[in-house]
Amino acid sequence: MIQIDLLARVMEEQNENFLQKQLIAREMTLPLQTNQILVVSGVRRCGKSILIRQSLPTDQPGLYLNLEDPRLVDFESADFPKLEQLRDQFGKTSILLDEVQSVVGWEIFARSLHEKGQKLYIAGSNASMLSRELGTRLTGRYKQIELFPFSYQEFLLFKNGSPGEESFEGYFLFGGFPEYLQNQDQDYLRTLFRDILTRDVAVRRNISNETALIRLGVFLCSNVGKPFSYSRMGSLLEIKSVRTVIDYCDYLEESYLFDLIPMYSQSIRKQLANPKKAYCVDPALASANSLSFSKDLGRKLENYVYLHLRRSFKEIQYFQNKVSECDFVVKWNEEIIGAVQVCWELNPDNLQREIKGIKAAMDETKASKVVLLTWNQEDFLDGIAVMPVWKWMMEPVSIFFGVD
C-alpha cells in the first residue's frame, strides 16, 4: 500500500514533467470518441504516452501516472481507487496510466472505471502481459493500438524535411526513436536496448541468466533478415535447452524488440518447423547493438521495408523454395495479397535472381500486387515495378496493396 499524500506528490511532479515534454507529430490519430478503454502498446520510448496526451483536448490532458517510478514500489492494486480521488482533486476528467502492466490486478480497476463510464487511457510495453489481462477481464471493453518508432513520413515531420534520397539517408542512419534523433548518441540506443532486455524481459519473466538473454539479443541484431533455427542458435550461444531459446525469443517479441516471421507455407506445422527470420523494431537500434549489422546495408534496408509493412499488416512471411527466394509475402483476410522483394542495387549479377524470386512467390502464393524495392533505382522490368524504398514509403502500404 502507498499513502495517498505520497501518491499525490509523485503524481504532481510526474504531471508537471509530463506536460513539459515535446509534442511529436504522428501519422496516427487516436479514436478518442470511443467509449472503450484505449490501450496504446509498443516498444519502450517510442512515444506512446505522448501520443495519448497530444490526442486529448489541450485543456484536459488527463491525470498521468507512470507506474515504473521507483517511489511507487509499494503501489498495489488496492491503491488504484485513490487515483479517482486524486483525479477529481486535480480537476481532471480522465486517467492516463503508463507501464500499467507493472502492477498485478490493474485490469480490475480498468473494468471498474469502464463500468462507471469514466475515461481511461493505458500505455504499455509488454504485449503478452497486456493481452493476457485484457483478454480475461476486459473482453469487448477496450481498443488496442500498436505504436512503432517513427515511420519515414513521421521522420520527415519531425525533421521538417522533404521526401527524397537525401532525407531517407538520414532516416536510414538514425532510425525512428524520437529521443535518439535529438541527441544522436549511440550510447542512448545501447542503454535502451539493455533496459528493454532487463526491465521488460528479464525482470518480468524472472530470468536469472541475463547474460544469455543479452547474447541472444545481440545475435538477433547481428543477423537481421537471416534464416535461423532455434537449435542452431542455442548451440552457437551455448544455451543448452532449445525450449529456453524458444522462450527467450518469445519474450523478445513480447517486448516489441523483435518480430520473428515464418517461411511461407500453407501448412502451419511446416511454418513452425522451418527456420525463422528476425527483424528489429528499429534498424538503428540493431546497428548500435550489433556485431556486424551495420556492414550489411541490404539487410538493413530490408528491415526498414519490413517495418513499413508491419505498421499495416501483422501476418508477414518470407518465401523460399528449392531455387528461389522472396523477402516478404503479405497475408490479409486469409489470402496472400502481395509480394515484396528488396535489393540494395540491381545489377547484371543479381537481376535475374531477384526477378525469378518474386515471380516464384507470385506463382505459388497467387499474390496479385508485387514490387521490387531498391535504394534509388526506378524501372519496370519483366512486368515487375522497381521503386526506390523512400518513394514506396510515401503512402501507407495498405493503399499500395489496395485494402482498407
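This is a predicted model: local features need pLDDT of at least 70, side-chain atom pairs count only at pLDDT 80 or more; totals for chains, interfaces and linings use all residues.
Now pick out Val-40: Ile-145 in E5 stands opposite Val-40.

**Widen to the sheet.** Select strands E1 to E5. They form an open sheet of 5 strands, and the pairing is parallel. Read across in the order E2-E3-E4-E1-E5. Which strands stand at the edges? They are E2 (63-66) and E5 (142-146). Each has a single partner strand, so one side of each is left without a neighbour in the sheet. Look along the strands next. On average, neighbouring strands of this sheet are turned by 15° against each other, direction ignored. As background, strands of a sheet pair through backbone hydrogen bonds, either parallel or antiparallel.

Select helix H1, residues 4-20. H1 lies across E2 and strand E3 (94-98). Compare its direction with that of E2: H1 runs at about 105° to E2.

**Move to a loop.** Find strand E4 (119-124) and helix H5 (127-137); Asn-126 is in the loop between E4 and H5. Is Asn-126 buried or exposed? Its relative accessibility is 1%, so Asn-126 counts as buried, the cut-off for buried being under 20%.

**Show what surrounds Asn-126.** Leaving out residues up to four places away in sequence, Asn-126 touches Gln-101, Asp-200, Arg-204, Glu-254 and Tyr-256. Zoom in on Asp-200. The side chain of Asn-126 reaches the backbone oxygen of Asp-200 at 3.4 Å. The tour ends here.

How values were computed. Residues are numbered from 1 along each chain as its sequence is written. Side-chain values use heavy atoms; hydrogens and water are left out. Two strands pair if DSSP finds at least two bridges between them. Helices (H or I, at least four residues) and strands (E, at least two) are DSSP runs, numbered from the N terminus. Axes are lines fitted to C-alpha atoms, for helices over the stretch in contact, and angles run from 0 to 180 degrees between N-to-C directions. Contact means heavy atoms within 4.5 Å. Buried means under 20% relative accessible area, exposed over 50%, partly exposed in between (1.4 Å probe, protein chains only). A polar contact is a pair of N or O atoms within 3.5 Å; within protein, one must be able to donate a hydrogen and the other to accept it, and residues adjacent in sequence count only if both atoms are side-chain atoms.
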